[in-house]
Amino acid sequence: MILRLLGRLRSNAKLHELAAEHVVRRVGRPPREGYEYCVELGMYQADSWRHSQRLILVVVDRPDSQTGQLDLIPRYLFLVTNWLKSERSAEEVLAHYQS
């Protein structure tokens, strides 16, 4: 039996660099309720890790509950897992993380 892991990574300069091209607001008017999407960033290995792991960028662009306005730059977070793409899609990994 393989032990599966899933966690959220604290941002750092290298991760911000990997995310930069994906954290842009799409052309056109955003949906009123905002949006959320996942981007596969490939394999990632921190200096202290023995093995590389699958890295998923999650971009979240939700309106402020008070003003209804979106932030200038969408928020984002990083998930790391050893689940293979064939076992769970990025969206399925995110759903598991959120549950």
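Modeller: Buried means under 20% relative accessible area, exposed means over 50%, and partly exposed lies in between (1.4 Å probe, protein chains only). This is a predicted model, in which local features need pLDDT of at least 70 and side-chain atom pairs count only at pLDDT 80 or more, while totals for chains, interfaces and linings use all residues. Residues are numbered from 1 along each chain as its sequence is written, and side-chain values use heavy atoms, with hydrogens and water left out.

Biologist: In what order do the four strands of the open sheet lie?

Modeller: Strands (E, at least two residues) and helices (H or I, at least four) are DSSP runs, numbered from the N terminus. Two strands pair if DSSP finds at least two bridges between them. Pairing in this sheet is antiparallel, and the order is β1-β4-β3-β2.

Biologist: Which are the edge strands?

Modeller: An edge strand here pairs on one side only. That picks out β1 (6-9) and β2 (35-44).

Biologist: What does the twist average from one strand to the next?

Modeller: Axes are lines fitted to C-alpha atoms, for helices over the stretch in contact, and angles run from 0 to 180 degrees between N-to-C directions. The strand-to-strand average is 30°.

Biologist: Over how many bridges do β1 and β4 pair?

Modeller: G7 stands opposite V80 in β4. L6 has T81 as its bridge partner in β4. The antiparallel pairing of β1 with β4 (residues 75-81) runs over four bridges.

Biologist: Which residues form the covered face of β1?

Modeller: In a regular strand, side chains alternate between the two faces of the sheet. L6 and R8 make up the uncovered face of β1. The covered face has G7 and L9.

Biologist: What does L9 touch?

Modeller: Contact means heavy atoms within 4.5 Å. Leaving out residues up to four places away in sequence, L9 touches L15, Y44, W49, L55, F78 and V80.

Biologist: At what angle to β2 does helix α2 run?

Modeller: α2 (residues 90-98) lies across β1, β2, β3 (53-61) and β4. Its angle to β2 is about 110°.

Biologist: Which residue's backbone oxygen does the R54 side chain reach?

Modeller: R54 lies in strand β3. R54 counts as buried, at 4% relative accessibility. At 3.0 Å, its side chain reaches the backbone oxygen of R88.

Biologist: How many aromatic pairs does a search of the whole structure find?

Modeller: Rings of Phe, Tyr and Trp (its six-membered ring) pair if their centres lie within 6.5 Å; planes under 30 degrees apart count as stacked, over 60 as edge-to-face and the rest as tilted. The number found is three.

Biologist: What angle separates the planes of Y44 and W49?

Modeller: Y44 is buried at 8% relative accessibility, whereas W49 is partly exposed at 24%. Their centres are 5.6 Å apart, and the pair is edge-to-face, with the planes at 85°.

Technical notes: A polar contact is a pair of N or O atoms within 3.5 Å; within protein, one must be able to donate a hydrogen and the other to accept it, and residues adjacent in sequence count only if both atoms are side-chain atoms.
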